[in-house]
Amino acid sequence: MSGVGVEIEAGIAVITIDRPQVRNAIGFATVDELGAALDRVLESDAAVVVVRGGGDRAFVSGGDLKELSAIRTHDDAVGMAGRVRRLLDRVAVFPLPVLAALNGHALGGGAEVAIAADIRIAADDIKIGFNQVSLGIMPAWGGAERLAQVIGRGRALLAITTGEVYDAEAAHRLGLVDLVVPRASFDKEWRTLAERMAATAPGTSSAVKAVIEAAAPSVRPDLEADATDAFARLWTADAHWAAVEALEQRRRPG
């Protein structure tokens, strides 16, 4: 069963990552399914894209650690990071505005998915953080570069090196989240926003995004090799696997 759904109606494409058994974590198949979802949107008459997680607990909880634990070599780690990075690069430069509707927590890789979108609207009880450092690694999917562009170099360095997890209001003050709305009206609020953006004259939203993207590029392919190499060195280090084992022990019942 697919973990990614697409609904297109009245100029709005809603892409839902729905993998409740792993809190909407990104696995290998998820990357392909998200790519296929973007292909489908391109073939439609949508003017705005909304990306959200299924349920109300998690937007995306990060990478699927059970799947990714099979990656043990430097080359495989570079390959994995590059594959997901290129998907999120595609989200960042997608020809339509992309709205991340943070229905739940966005942690680690989930924060990287969120920062790839153009706009982030969050329910007031969610948390978001680039907390990969807790596992001895760093953002590798383009999130570090995009975060620096969104909130500034110093704040990005603080956020990533401390692994701080922010509540919605703190994230809003930081500029990491653009809008915070009450949980009770969250679905209505993000949909109303998407409807307003889709109601412009045909081609307007894509034209505006193209101009803004040219002024403030959200993709740096020239940095991919160094970023994924740095990540791979951390991924294959003993400290990372010790942190993963400690996390698994905490999750084990009893």
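I began with who lines the largest pocket, and H11 gives the largest share, seven residues. Helices (H or I, at least four residues) and strands (E, at least two) are DSSP runs, numbered from the N terminus.

Ground rules before going on. This is a predicted model, where local features need pLDDT of at least 70, side-chain atom pairs count only at pLDDT 80 or more, and totals for chains, interfaces and linings use all residues. Residues are numbered from 1 along each chain as its sequence is written, and side-chain values use heavy atoms, with hydrogens and water left out.

**Largest pocket**

I looked up the volume of the largest pocket and got about 850 Å³. Its lining has 37 residues, with Ser61, Gly63, Leu65, Leu247 and Arg251 the closest to the centre. My note on terms: on a 1 Å grid over the protein atoms alone, a pocket is an open set of points with protein on both sides within 12 Å along at least five of seven lines, a cavity is a set where a 1.4 Å probe fits but cannot get out, and lining residues have an atom within 4 Å of a point. Points are joined across faces, edges and corners, and a volume is the space filled by probe spheres set on them.

At least two lining residues come from each of helix H2 (65-68), strand E6 (105-107), helix H4 (109-116), helix H10 (224-235) and helix H11 (238-251).

**Second largest pocket**

I put this pocket at about 520 Å³. It has 21 lining residues, and Ala117, Asp118, Ile119, Lys209 and Ile212 lie nearest its centre. H4, strand E7 (119-123), helix H5 (143-151) and helix H9 (204-215) give two or more residues each. H9 gives the most, six. The classes here come out as eleven nonpolar, five polar and five charged.

**Cavities**

How many cavities of 30 Å³ or more does the whole structure hold? My search found two.

The largest cavity has a volume of about 100 Å³. Its lining is twelve nonpolar residues, with no polar and no charged ones; among them are Ile15, Leu34, Phe59, Val91 and Ala117. Helix H1 (28-42), helix H3 (74-92) and H4 each supply at least two of the lining residues, and H3 gives the most, three.

The second largest cavity is about 60 Å³. I listed Ile26, Gly27, Phe28, Val31, Leu68, Met80, Arg83, Val84 and Trp141 around it. H1 and H3 are the elements with two or more residues there, and H3 again gives the most, with three. By class I get seven nonpolar, one polar and one charged.

**The sheet**

I then traced an open sheet of four strands, in the order E4-E6-E8-E9 with mixed pairing. Strand E4 (58-60) and strand E9 (166-167) stand at the edges with a single partner strand each, so one side of each has no neighbour in the sheet. Two strands pair if DSSP finds at least two bridges between them; E6 and strand E8 (residues 127-129) pair in the parallel sense over two bridges. Leu107 stands opposite Gly129 in E8.

H4 packs on this sheet and touches E4, E6 and E8, its direction making about 105° with that of E6. Contact here means heavy atoms within 4.5 Å. Axes are lines fitted to C-alpha atoms, for helices over the stretch in contact, and angles run from 0 to 180 degrees between N-to-C directions.

Conventions: Nonpolar A, V, L, I, M, F, W, Y, C, P; charged D, E, K, R; others polar.
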